[in-house]
Amino acid sequence: PDEASVHSVRFIRTPGGKDLLEVYGITHMGHGNIYVYVLEDNKASIIFTQPAVDIYLEDVWKPDGYPEYENYDACSQIYRGDALDAVYQDKGENLLEITLSGIIDVICTDRRDDDSKNWKTNKVLEKKVNDVYHVTLD
């Protein structure tokens, strides 16, 4: 992975008999990618990478607020459970389907009061993620 740390690792054997290595990387700021490697002949070849880790509340401030979220002035989006889940389906003909799914929680803070003790933080929205990718295993 390109990130400084590893969030998780697992080995997977597809129904078609391909051996995969799944690695979630994570930066010191709590963002990261999923990396999928195919394992053949004692070597690992990367076949897929996609952003899939986010645990950092950025609190992105907008001077005009977020009217779509009840006009809070700072919001963040994080993955519930730290990362998206990956499911693999062997589609034959050396084609692998990877589905990344999970929930994005939108967390917003009203920081208009000068005293941070009075700031209010709330989860304002849940967004479902169900992204499907097709990867060739050649």
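Buried means under 20% relative accessible area. Keep that cut-off in mind for this tour of a predicted model.

**Stop 1: the tyrosines**

Select Tyr66. This residue has a relative accessible area of 9%, so it counts as buried.

Tyr66 and Tyr69 form an aromatic pair. Look at the distance of the centres and the angle of the planes, because a pair of aromatic rings is described by these. For Tyr66 and Tyr69, the centres are 6.1 Å apart and the planes are at 25 degrees. This pair is stacked.

What sits over the ring of Tyr66? The charged end of Lys62 does, 4.6 Å from the ring centre.

**Stop 2: Asp105**

Move to strand β8, residues 95-110. Select Asp105, which is found in this strand. Is Asp105 buried or exposed? Its relative accessibility is 8%, so Asp105 counts as buried.

Next, show Arg80. The side chains of Asp105 and Arg80 are joined by a polar contact of 2.7 Å. Then display the other contacts of Asp105. Leaving aside neighbours within four places in sequence, they include Ser76, Gln77, Ile78 and Leu125. Lys123 and Glu126 are also in contact with Asp105.

Now select Arg80, Asp105, Lys123 and Glu126 together. A network of salt bridges links these four residues.

**Stop 3**

The structure holds seven salt bridges. Here are some to find.

Select Arg13 and Asp19. Their side chains meet in a salt bridge of 2.7 Å, N to O. Arg13 counts as exposed, at 59% relative accessibility. Asp19 is partly exposed, with a relative accessible area of 26%.

Go on to Glu40 and Lys18. Here the side chains meet in a salt bridge of 2.9 Å, N to O. This pair links distant parts of the chain, 22 residues apart. Glu40 lies in strand β3 (residues 31-40). Lys18 lies in the loop between β1 (5-13) and β2 (19-26). Glu40 is partly exposed, with a relative accessible area of 38%.

Which residue forms a salt bridge with Glu97? Lys91 does, with the closest N and O atoms 3.9 Å apart. Glu97 is buried, with a relative accessible area of 13%, whereas Lys91 is partly exposed at 42%.

Terms used:
Residues numbered from 1 in each chain as written. Predicted model: local features only at pLDDT ≥ 70, side-chain atom pairs only at ≥ 80, totals over all residues. Heavy atoms only, no water. Phe/Tyr/Trp six-rings, centres within 6.5 Å; stacked < 30°, edge-to-face > 60°. Buried < 20%, exposed > 50% of the residue type's maximum accessible area, 1.4 Å probe, protein only. Lys NZ or Arg CZ within 6 Å of the ring centre and 35° of its normal. Helix = DSSP H or I, 4+ residues; strand = E, 2+ residues; numbered from the N terminus. Polar contact = N/O pair within 3.5 Å; in protein donor to acceptor, adjacent residues only side chain to side chain. Contact = heavy atoms within 4.5 Å.
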